[in-house]
Amino acid sequence: MANNSHSRVQRRKQKRKKKKGKLHLRKVFMTLFLLFFIAGIGIIGLFFTYIKDAPKLVASELSDPISAKIYDMDEQLIADLGTQKRTKIEYDDLPQVLIDAVIATEDARFFDHAGFDFQRILAAAWANVTDGFGAEGASTITQQVVKNAFLTFDKKLERKVQEVWLAMQLEMQYSKKEILTMYLNKIYYGNQIYGVAKAAEVYFGKKDLSELTLPEAALLAGIPQLPNVYDPFDHPDKADKRKNIVLDLMVHHGKISEEEAEQAKKVKAEELVVDNYVSNTPYEDFLEVALDEVQEKLGDDIDIYSDGIKIYTTLDQHAQSYVEKMLSKNSPIEFPDHEFQAGIAVIDTKTGAIRAIGGGRNGKDGIGADWNYATDGDGRQPGSTMKPLLDYAPAIEKLNWSTYHQIKDEKYTYSTGDPIRNWNDSYKGWMSMREALRDSINVPALKALQEVGLDYAENFIKQLGIDIPEKGIVEADAIGGGRIHVTPLEMAGAYASFGNQGIYNEPYAVRKVVLQNGKTIDFTPDPVVAMSDYTAYMITDMLKTVVTRGTGTQAYISGLPVAGKTGTTNRGDKTPDSWFNGYTTNYTISIWTGYPDERNIPNSQIAEYLFKYIMSELSKGKETKDFIRPDVVKEIAVEKGSRPAKLPGDYTPQDQIVYELFIKGTEPTEISQKYKQLHPVSDLQAEYQEAENAIQLNWKYHLDSEEQEDQNTEVIFEIQAAVNDQPMELITTTSETSILITDVNKGDIYTFEVTAVNGENPDNTSEPSIVQITVPEERSIDDIIDEILNGDGRNNENNGSLEQNNDPAGQDENVSEENSQTENIGN
């Protein structure tokens, strides 16, 4: 009984536990149900709010794109992209091959869904979870039509909900054929072309779409994804790859066979397009840069050419027109031949705003070029224009070098053991950093980079917008012949930092974009402090020397404070690239010249000529202030050739004094003792020669050992004279140690000063040596008779003296040589 009773108790306890467990699970499910219900209500409410705020379908906006307007720096309209080439067609005008290509590429289930594709939404949702919201779109052709016509570019939930809602409405009001026709009439194909009909006419010369071939249809279906990238005129290789992707999609969706695709792939894009298309869009080189900026920042979800945006650029129309003129057939520059190319970038020194772009010469439109040499690709090697950026500016910034810092130009090698040579195959010995940069000497540039270190130099130029090669820089980049490749736009941005007190502004062509809904997006980059203001100024001061008396004198502009640097590259005995980068406080201009195939340039100074013309034109009527020297930079007089730098002494020749820049606290303090005061003449004597009525001056002078070692010490002697109480006057100079002064006045007192002077440095003189002599009074006959009668004998002495002075054999050698060097100091 007891056992049975105990078992019943246990069973009752177990039942109560199960009951409690069921109640707990029920509460959990109820709570979750309520949460999901509330969330569902919230989501539905949110979706209804989004739908309520969605724009209305307007039939007039479904076929025609809303124009994109582009403005210059003064907000003057320069282009209205929505008013460009457009030709409307009906669905019956579309060949099946084109329909198949577009459907396979853009929306494979277009004819089956109700405006949105649930499978694509799931695939996009998964991509958004793994890669972030907005990583992949799920828009159908119907959604693209309503998005381009009515919605903004934002990848937000609100826009996606409205997009689906409007797509469903569009599907209810229009047929699939009508919607596909809307899409193909509205879509942008590059080169200001809207609609597939106009695209076929411009690219293939075909006005009847029924004449389209399979490769042509595939190319047209592929272009709209990225019209500028897949432009078959400018980028035929990329366009061809895109065409082949479309052909593979057509095979995948059963529209064509693999054999048909392979045959179509054999036809290259450049074989399909006609070559007589001429664009009527102004300033295409600049607009290409501006539109690329908009596309890069706003992404592919906005159609620049049909979403009704307003683009406010930095374009200076006068500057752009003048740059285009300089590269045209009307240029005053005599270019070597038709194939010679140039790329030009003009930016505002203070802000980085791009004022003009010269993309090249002799393009299909007769103005620019088919390739933008100012911005496109990886650029070219910069040559010696890299020296201020990679070598000397880092040396000032890191090592506090002065512009006088001494570097020895000598036979030298890279760390690899390979020799480095100067452009003139000669070496100048010790020189200052200023001289090395002025004359573009290679060896000092390499030594500077080695002292700074590759890592520091690499980080330094990275701050200036220069792309670092994947494998890093090498020592050959010190002279611009290594791995670094640049475009004129990159170099303009980097050099502008020197003229902007060390502040780098990434060059930009777009100030702001205003969307159709009124939202404004700022495009102005943030400034970056790339170097100290003293580094920027000291480099600038040296680069001014390059233009005034260095390798860049062809770019010199009278009255304009200009700094700049030349640069060329070498391939064996060829010079394929020539650069000039220069700037004022207003503008920075970078110019590359050369051939696309890197052949030898017959004239490497064309870049300088272009710079001079353009900078002169842009500076007309504008105040161009000089560069401001920071307080921390001190200009110090230095004795040339002193190592380390020394202050000039009192007797340092003027031509041996240079003025260089030092960072405060690093100035030299020691005074040079190289040039000393000359010692005075010795044994200065004056003797009256009665026979000639002249005074003979004689003295001695010997150089000491230090002066003899100094080859610059060439001593001459200045002779000054005073008569009675009159002031001293310079009467002559001589390199001899004697001189005869003739026609003296009887009874006068003559005082002579003889001073040794350094012939190479007139400021270096000795103390004067002084002698005084009284010329005897003129005697009468009676005086002479009295002297004889009195036995004075003076007459005999004078006669003896006269005989000695008149005897050539008995005269002093110096006096004999100086008989022709006399000076009359009488009346």
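# A first look at a predicted protein model

Helix H16 keeps Asn 442, Val 443, Pro 444, Ala 445, Leu 446, Lys 447, Ala 448, Leu 449 and Val 452 buried, where buried means under 20% relative accessible area, exposed means over 50%, and partly exposed is in between (1.4 Å probe, protein chains only). Welcome to this predicted model, in which local features need pLDDT of at least 70 and side-chain atom pairs count only at pLDDT 80 or more, while totals for chains, interfaces and linings use all residues. Residues are numbered from 1 along each chain as its sequence is written, and side-chain values use heavy atoms, with hydrogens and water left out.

**The chain as a whole**

- The protein chain holds 24 helices and 29 strands; helices (H or I, at least four residues) and strands (E, at least two) are DSSP runs, numbered from the N terminus.
- Of the 827 residues in the protein chain, 51% are buried.
- Among the contacts in the protein chain with a separation of 6 or more, 68% are between residues 24 or more positions apart, a contact being heavy atoms within 4.5 Å.

- Helix H16 spans residues 442-452, and nine of its eleven residues are buried.
- Gly 453 follows H16 and has a positive phi, near 100°.
- Helix H7 (residues 196-204) is also mostly covered, with eight of its nine residues buried.
- The buried residues of H7 include Lys 198, Tyr 203 and Phe 204.
- Just after H7 comes Gly 205, with a positive phi of about 70°.

**The second largest pocket**

- This pocket has a volume of about 740 Å³. On a 1 Å grid over the protein atoms alone, a pocket is an open set of points where a 1.4 Å probe fits, with protein on both sides within 12 Å along at least five of seven lines. Grid points are joined across faces, edges and corners, and the volume is the space filled by probe spheres set on the points.
- The second largest pocket is lined by 29 residues, and Ser 384, Trp 423, Asn 442, Thr 568 and Asn 570 lie nearest its centre; lining residues have an atom within 4 Å of a point.
- Strand S10 (419-420), strand S16 (563-568), strand S17 (577-583) and helix H20 (606-619) each give at least two residues to the lining of this pocket.
- S16 provides the largest share of that lining, three residues.
- By type, the lining has eight nonpolar, 18 polar and three charged residues. Here Ala, Val, Leu, Ile, Met, Phe, Trp, Tyr, Cys and Pro count as nonpolar, Asp, Glu, Lys and Arg as charged, and the others, Gly among them, as polar.

**Salt bridges**

- There are 25 salt bridges in the structure, each a side-chain nitrogen of Lys or Arg within 4 Å of a carboxyl oxygen of Asp or Glu.
- Arg 511 pairs with Glu 75 in a salt bridge whose closest N and O atoms are 3.8 Å apart. Arg 511 is in strand S13 (residues 510-514) and Glu 75 is in the loop between strand S1 (69-71) and strand S2 (77-80), so this pair ties together parts that are 436 residues apart in sequence.
- Glu 75 counts as partly exposed because its relative accessibility is 41%.
- Lys 243 and Asp 240 form a salt bridge with closest N and O atoms 3.5 Å apart. Lys 243 and Asp 240 are separated by about one helical turn because they are three residues apart in helix H9 (residues 236-252).
- Lys 243 is buried at a relative accessible area of 0%, and Asp 240 is buried at 9%.
- Glu 410 and Lys 447 meet through their side chains in a salt bridge (2.6 Å, N to O). Glu 410 sits in the loop between strand S8 (406-409) and strand S9 (412-413) and Lys 447 in helix H16, so the pair ties together parts that are 37 residues apart in sequence.
- Glu 410 is partly exposed at 27% relative accessibility, whereas Lys 447 is buried at 12%.

- Asp 541 belongs to helix H19 (residues 533-549) and counts as buried because its relative accessibility is 18%.
- The side chains of Asp 541 and Arg 434 make a polar contact (2.7 Å). A polar contact is a pair of N or O atoms within 3.5 Å; within protein, one must be able to donate a hydrogen and the other to accept it, and residues adjacent in sequence count only if both atoms are side-chain atoms.
- Thr 140 is in the loop between helix H3 (118-131) and helix H4 (141-150), and counts as buried at 0% relative accessibility.
- Thr 140 and Asp 117 are 23 residues apart along the chain, with their C-alpha atoms separated by 6.7 Å.
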